[in-house]
Each structure stands twice: as C-alpha cells, then as structure tokens.
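Work through these exercises with the structure open. Try each task before you read its solution.

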Amino acid sequence: MKSGFISIIGKTNAGKSTLINLITKNKISICTPKPQTTRNSIQGIYNDEDSQIVFIDTPGFLSPHQKLDEYMNKQAFSSLNGIDGVILLVDAGVSFNKEKDSVIQNNLKTLDVPLFVVFNKIDLTNIYLVNNLKKEYLEMFPNAQIIEISAQKNVNVDVLLSKIKDILPEGFKFYPDDIKSDHPVSFLIGEIIREKILLFTRDEVPHSCAVKVEKMVKNNNSISINATIICERNSQKVIIIGKQGSMLKRIGIAARKDIEKLLNKKVNLETFVRVEERWRNSDNYLKEFGYKDE
C-alpha cells in the first residue's frame with residue numbers, strides 16, 4: 001500500500017481546485033474563474049486498490065493587503081510541512097514573470113521532497129509559450145519532473161497520478177475509505193454557497209464575502225440548513241439580496257442543488273445577509289468565519 005501527502009501549490013487561477021476535484025471525484029474545493037477563490041488549505045483524499053493519496057489544495061500565492069490575505073499565504077506555505085511531494089501547478093497560458101514567481105521559488109528551493117512542475121490548461125496555449133516556461137522552470141528546479149496536463153479536459157492526469165505513486169513510500173491509510181475531506185460538512189456547505197456568490201455577483205462583492213453555517217437540523221430524509229452571508233458594506237448587501245430578493249434566491253437555488261449532491265439528501269436552505277465592516281482585517285471575525293490558524 002502506497003500512501004502519503006501531496007501539496008498542490010501555485011499562483012491564483014492555475015486550476016488547483018479543478019485538479020483536486022477531478023482526482024478525488026468529489027467537490028472538495030470550489031471553482032470559479034475569479035482569482036483567490038480558495039481561502040483555506042483543504043485535504044482531498046484519493047483512494048484506489050493499492051494507494052491512498054491525501055492531496056492538499058491551497059490558496060494561490062498573492063501580495064497581502066489584509067489579514068485575510070496573510071492568512072491565505074500562511075495556509076499555502078504551511079502545507080509544505082511534513083509532505084511527501086509537491087505539485088507546482090502552472091497556468092501554461094501565462095508567460096513567466098520572474099518578479100511574481102520568485103515568491104514560489106524561494107519557498108520551494110529548500111524542500112527536500114520530489115517536485116512535479118505541472119503545466120495545466122495545455123489545451124489553451126501554444127508550444128512556444130510552453131517551451132519557454134519549461135526552460136524557466138527547469139532553471140529554477142533542475143530536478144523537477146515536468147508534466148503537461150489539462151485538468152478541465154482530463155488529459156494526462158492519469159500520468160500524473162502514476163508518477164506520484166512512484167515516489168510515495170509504503171505505508172498505511174490515514175483516512176477511512178468513506179472520508180473524502182479533512183473538513184467538516186458545514187465547511188463544505190459554506191464554500192458551496194460562497195462559490196455561487198463568486199459566480200453570480202459583481203466584481204466588487206465576491207472577495208468581501210464569507211459564509212457561516214449557523215444551524216443544520218436532520219429531518220428523516222431531509223436536512224434544514226441556515227446560513228449567513230457576511231459582507232463589508234450595505235451596498236454589497238443590496239447586490240447580494242437583489243431586487244425583491246432575486247439574487248439571494250438565485251444563489252440559494254444553485255447552492256441547494258450542489259449541497260443535495262454532497263449530502264445525497266433533500267435540503268431546505270435558508271440564507272441571510274449581514275454586514276460586518278472590514279471583517280477581513282479583524283482577528284475575531286476571521287476566527288468566527290473559519291479563517292484561523294490551527
């Protein structure tokens with residue numbers, strides 16, 4: 001039995017959440033076209049007949065402007081402790097930027113574990129850009145294994161899995177087969193609701209929002225869930241609620257469908273909106289909304 005921990009890191013929008021969801025065949029991390037979608041390190045567990053691989057999805061590296069940004073960077077960096085390998089996921093359609101990519105290089109160059117530099121979105125780029133990227137990354141990490149994939153199209157992901165298994169030690173399962181993530185169901189539900197806010201609202205709203213699941217009550221074959229959406233300004237609250245509650249209803253309907261798939265039960269979802277000014281810079285609110293150091 002091969003087993004171990006693999007951290008997936010990279011810049012925002014590289015496709016880390018799409019990759020971990022594809023590999024685990026579960027909605028472990030939310031996915032949107034907007035950067036900074038993932039805020040927490042999330043473990044997704046892959047099982048097959050001869051291995052268990054715990055993949056750690058991380059927030060994308062960014063220049064911190066608020067305490068929430070600092071928390072996200074710390075989550076990404078801390079995922080490099082006690083692991084068996086690292087996937088550095090790179091958007092193959094974005095040119096190399098020495099200044100921005102140096103943050104990642106500085107945090108990886110001292111690691112003494114196998115490194116996979118994985119060029120994602122290979123279907124959306126060209127060979128000249130990919131070859132230039134390969135040259136730059138091999139100069140930084142001469143011992144890395146280079147793999148080209150498309151997580152969206154499921155191209156070469158099986159090759160990546162095979163190469164990861166090759167470097168894993170013999171061991172034991174860290175989680176039972178029925179456990180898909182290290183986070184509680186309430187966290188996953190809150191993330192699904194936040195995903196819909198990111199997808200449906202204007203650019204000024206998404207990254208100012210958090211979601212807190214207040215209550216979950218089981219009733220025979222269904223479950224009732226109360227959740228609060230937190231934003232920073234009244235103008236954002238107006239947008240989230242929408243005219244006569246239309247946007248909040250749209251968010252709720254879309255989220256409920258995904259939550260029912262997650263729980264395999266009928267769901268009654270009630271959402272509320274509250275304003276907490278500058279919550280992203282408050283230690284107390286960050287802790288209340290689940291952004292705290294373990």
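**Exercise 1.** Find which residue just after H7 takes a positive phi.

Solution. Go to the residue that comes just after H7: Gly-242. Its phi is about 80°. Keep in mind that this model is predicted.

**Exercise 2.** Sort residues of helix H7 into buried and exposed, and say what the buried ones pack against.

Solution. 
1. H7 spans residues 234-241. Its buried residues are Gln-236, Ile-239 and Ile-240.
2. Recall the geometry: an α-helix has 3.6 residues a turn, so residues three or four places apart point the same way.
3. Now turn to the other side of H7. Asn-234 and Val-238 are exposed there.
4. The buried residues of H7 pack against strand E8 (222-231), helix H8 (246-263) and strand E9 (266-275).

**Exercise 3.** Describe how H6 and H8 cross, and what kinds of residues make the contact.

Solution. 
1. Take helix H6, residues 185-200, and H8. Their axes come within 9 Å and cross at roughly 140°.
2. The handedness of the crossing of H6 and H8 is right-handed.
3. List the partners. The H6 residues include Leu-188, Ile-192, Glu-195, Lys-196 and Phe-200. The H8 residues they meet include Met-247, Arg-250, Ile-251, Asp-258 and Leu-262.
4. Classify the residues of the H6 contact with H8: 14 are nonpolar, none polar and 4 charged.

Conventions: Residues numbered from 1 in each chain as written. Predicted model: local features only at pLDDT ≥ 70, side-chain atom pairs only at ≥ 80, totals over all residues. Heavy atoms only, no water. Buried < 20%, exposed > 50% of the residue type's maximum accessible area, 1.4 Å probe, protein only. Helix = DSSP H or I, 4+ residues; strand = E, 2+ residues; numbered from the N terminus. Contact = heavy atoms within 4.5 Å. Axes fitted to C-alpha atoms, helices over the stretch in contact; angles between N-to-C directions. Left-handed = near helix turned anticlockwise from the far one by under 90°. Nonpolar A, V, L, I, M, F, W, Y, C, P; charged D, E, K, R; others polar.
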